[in-house]
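Welcome, and thank you for joining this tour. Please open your viewer and get ready to select residues by number as we go along.

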Amino acid sequence: MQGRYRRLESRRSPDGKELWLNWAVEQREDGRPVGVVQASVPISRSHADIAYVLGRAFWGHGLAIDAVNAMLDFLRVTLHVRTARASVDSRNLPSVKLLERLGFRIDDAIDPMSVWFNKLLLN
């Protein structure tokens, strides 16, 4: 397990071709960890694949939108990433709505249950 955390902490894939951002999401009131938001960014920084997971008890409190927004700002301002992407199970309506509220648009439906969303961060 320590090896896995060392790899994540390095912020790079084992082959060095991607930046790995892994952030803990904390509850506002007490700083208790409630989930994660992540991004994988190729060295070209042409795009970032993002992901987020929050414990069910913390859904609907604005934590996911705040965390993803913070990640998108970091990707745009600090890393100058052009596009963010996310893959979502089409049955996960709260995630679909969250991405739409953040300005993501459907790019491609891989199959009836997997949908890719894209958001332009830089022109």
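**First stop: a serine in a helix**

Select Ser95, which sits in helix α3; helices here are DSSP runs of H or I with at least four residues, strands are runs of E with at least two, and both are numbered from the N terminus. The model is predicted, so to speak by record: local features need pLDDT of at least 70, side-chain atom pairs count only at pLDDT 80 or more, and totals for chains, interfaces and linings use all residues. Residues are numbered from 1 along each chain as its sequence is written, and side-chain values use heavy atoms, with hydrogens and water left out. Ser95 is buried, with a relative accessible area of 12%; buried means under 20%, exposed over 50%, and partly exposed in between, using a 1.4 Å probe and protein chains only.

**The largest pocket**

Which residues are closest to the centre of the largest pocket? The largest pocket holds about 440 Å³ of space. Of its 21 lining residues, Tyr52, Trp59, Ala64, Pro94 and Ser95 are the closest to the centre.

A pocket is found on a 1 Å grid over the protein atoms alone, as an open set of points where a 1.4 Å probe fits, with protein on both sides within 12 Å along at least five of seven lines; lining residues have an atom within 4 Å of a point. Grid points are joined across faces, edges and corners, and the volume is the space filled by probe spheres set on the points.

Next, colour the elements that give two or more residues to this lining: β3 (47-54), α2, β4 (83-89) and α3 (93-101). The largest share, five residues, comes from β3. By class, the lining has 14 nonpolar, six polar and one charged residues. Here Ala, Val, Leu, Ile, Met, Phe, Trp, Tyr, Cys and Pro count as nonpolar, Asp, Glu, Lys and Arg as charged, and the others, Gly among them, as polar.

**Rings to find**

Where is the aromatic pair that a search of the whole structure finds? Select Trp23 and Phe74, which form an edge-to-face pair, 5.5 Å centre to centre with 70 degrees between the planes. Rings of Phe, Tyr and Trp (its six-membered ring) pair if their centres lie within 6.5 Å; planes under 30 degrees apart count as stacked, over 60 as edge-to-face and the rest as tilted.

This pair links distant parts of the chain: Trp23 is in strand β1 (residues 18-26) and Phe74 in helix α2 (residues 63-77), 51 residues apart. Trp23 is partly exposed, at 27% relative accessible area. Phe74 is partly exposed, with 27% relative accessibility.

For another ring, go to Trp116, where Arg85 lies over the face at 5.4 Å from the ring centre. A charge sits over a ring if NZ of Lys or CZ of Arg is within 6 Å of the ring centre and within 35 degrees of the ring normal.

**Stops in the loops**

Select Ser13, in the loop between α1 (2-10) and β1. Is Ser13 buried or exposed? Ser13 is buried, with a relative accessible area of 8%. Show its side chain, and you can follow it to the backbone nitrogen of Lys17 at 3.2 Å. A polar contact is a pair of N or O atoms within 3.5 Å; within protein, one must be able to donate a hydrogen and the other to accept it, and residues adjacent in sequence count only if both atoms are side-chain atoms.

Move on to Gly31, in the loop between β1 and β2 (33-42). Gly31 is partly exposed, at 30% relative accessibility.

Most residues other than glycine have a negative phi. Arg45, however, has a positive phi, near 60 degrees. Look for Arg45 in the loop between β2 and β3, where it is partly exposed at 32% relative accessibility. His80 also has a positive phi, near 60 degrees, and you will find His80 in the loop between α2 and β4.

**Last stop: strand β4**

Finish at Ala86 in strand β4. Ala86 is buried, at 3% relative accessibility. Select Leu72 as well: the C-alpha atoms of Ala86 and Leu72 are separated by 12 Å, and the two residues are 14 residues apart along the chain.
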